Amino acid sequence: MTLSRRGFLGVAGLSVLGAASLGSLVLPGAAGQTAELMRSRARLPEPFTVPLPIPPVARPVRSDASADYYAITQREASVEILPGLRTRIMGYDGMFPGPTIVSHSGRRTVVTHRNELPVPSVVHLHGGHTPASSDGFPTDVLVPPDWDMAHGMGGKVTVGQQDYVYPCAQRAATLWYHDHRMDFTGPAVYRGLAGFHLIRDDEESALPLPRGERDIPLMITDRSFDEDGSFLYPARDATMRVLPGVEDDYMEGVLGDVLLVNGAPWPELAVEAARYRLRILNASNARRYRLSVPGVPFVHIGADGGLLARPATLDTLTIAPGERFDVVLDFSGQRPGTSLTLQNGLGSGPTASVLRFRVTRRGPDDSRVPARLSSVPRLDPARAVRTREWRFTRGELGDHKGWLINDASFDAGRIDADVSLGELEVWRIVSDLHHPVHVHLDPFQVLSRQGEPPRPEDAGWKDTVDVLPNEYVDVAVRFTDYAGKYPLHCHNLEHEDMAMMATFRTS
Ligand code: C2O
Ligand code: CU
Ligand code: CU
C-alpha cells in the first residue's frame, strides 16, 4: 500500500491553510458544509424539465433454492445528463445510478462483478451485514483483465471478475452499493459508481405502507460539469491511478452546483394525490442537505438500518453523505395541478431546490402509516464493556497531510481496534468539522450528542452519523456476526480518500 500512500508526499501548498493545525478555526466553505464549491462551466439547465428516472431493477441471471445470482459489468459509458450534452461516466452496467438490486431477507444474493473499467474497483454494499471477504475492504481490488499488477494496493487482487456474496441475513432496509477503492473512492463515485440495493422482509411487506410505483428510491448527488458536459472534479490525478485526493483548495470536500436525483438534474416527479414512500439516499461526495417540502411534512419511517419502532413527523430532514431516510409524503390533500418543491435549506440559488412533485390527479390509496412499525431493541449503554474514542480531525503526519482518525492516517496493514463479537461498546466520535462517520458490518444506535439527547434524524438503527463541527457523539455498537477486518471512515469521500479511515477487527 506504500505506493499510493506515497502519493501524499506531493501534497504541497497546504501551507496556504497555515491554520491546518487549528482545525475548527478553518471556516467551512459554505453554510452547513465542510467542503468547497466547484463551479460548472456548462450552462445549467432549467430546473424541473426532465422526468425523474427510476433506476431499473436488476433481474437475476439465475436463482436456486437459497440464492439469487446477478451479473453486473462495470464500464464506462456516455450518457445524457444535462440536456443536449454527453457525459462520460463509470457505471454499473454503464448506468448512473446502477441497477437496483432487490433481495429478500435471508436469501443469499450473489453479484458477479466484472471490471471493464480502465482502473481497479472495489464494491462495497453499504449497510450490508457482510462477511469481510465480500465487504469490499479498500485494498481488496478487482482489476480489469489487462491491468498492470504494479498498481496493486497490498490487499487481495482479483482479476477480471469477482463474486460478491451477500447473505442478506438482515432486516428490510435501504442499502446502496458503491465503489470503495482506497484513495480513489471520491472520483469513482462521482463518475457514477453507485446504486441501490433494497432488502425486503415479511414483517415490512405485511405493513400497509405505500408500495409498487409509490415506493421510490431517490439518490441525491451534486456534480459540476465542464462546457462539453463532462464531469468536473478537482482530482490530483485524473487517471485515478497514482496520486490520491483532490487539489488543495478542495481538500475539505467537493461540492457541485448541479443537483441530480437518480442521475437527472432537478427532475420532476408526477405523483397522484396519494401517499408515497421515498427512500432518500445522500450519495453526494461531501454535500449535506436540509430537505423540506413546504406544506407536506415528512413522516419518517425508516433509518439506515430499516424501520423505526414508530413513525415520527419531521418538517425538515438533514441528511449527510452516506445516510438514508425512508419517509412517507402524503399528497392526498393536494389539488391536481399543484406543484411542490423538495427544497434544500443548506443550498442557495440552484442548489436550494432538489426536485419538484407535480400532482396529476386523484388516485385510489389504501396505504397508511401504522402507529407501530417494528421493534427496535434498545442497546443499553449501561451494559457496555468499554468506551472507545474516535477523533476525526484535520491534521498532518510527517509529510503526509490530510484527514486523520486518532491522529493517524489510514494504514490498511494496521488494526486500530479489536472488538469481540457480541460485546456492546460505546463509541465516542469526536469531530473538528462536519464528518459523516460510517461504520461497516453492523448498525449502531445514537445515544447522545454532546451529552444531550440526539436529534430526530438520529432515530433507529444507523450506520452513518452526521457529526457536526466541535461535537462529540456517543453511539452504542454491537457486532453480532462475521469475524474479520472492517473499516470505519468519514463518508465525506474526499476526507476518506485523504486517509480518514481506520480498521477494526472483530473476533
Ligand atoms: Cu458507503 Cu465504507 O462506505
Ligand atoms: Cu458501509
Ligand atoms: Cu470527514
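H124 and H438 are both buried, where buried means under 20% relative accessible area, exposed over 50% and partly exposed in between (1.4 Å probe, protein chains only). The model is predicted; local features need pLDDT of at least 70, side-chain atom pairs count only at pLDDT 80 or more, and totals for chains, interfaces and linings use all residues. Residues are numbered from 1 along each chain as its sequence is written, chains are lettered from A and ligands numbered from 1 in the order in which they are written, and side-chain values use heavy atoms, with hydrogens and water left out.

The NE2 atoms of H124 and H438 coordinate the copper ion (ligand 2) at 1.9 Å. Donors are N, O and S atoms within 2.8 Å of the metal (3.2 Å for Na, K and Ca); water is not among the atoms, so sites may look incomplete. H124 belongs to strand β7 (residues 123-126) and H438 to strand β31 (residues 435-439), so the pair ties together parts 314 residues apart in sequence. Strands (E, at least two residues) and helices (H or I, at least four) are DSSP runs, numbered from the N terminus.

H435 lies in strand β31 and C490 in strand β35 (residues 484-490), 55 residues apart. Both H435 and C490 are buried.

Strand β7 also belongs to an open sheet of four strands, ordered β5-β12-β11-β7, with mixed pairing. Two strands pair if DSSP finds at least two bridges between them. β5 (98-104) and β7 are edge strands with a single partner each, so one side of each has no neighbour in the sheet.
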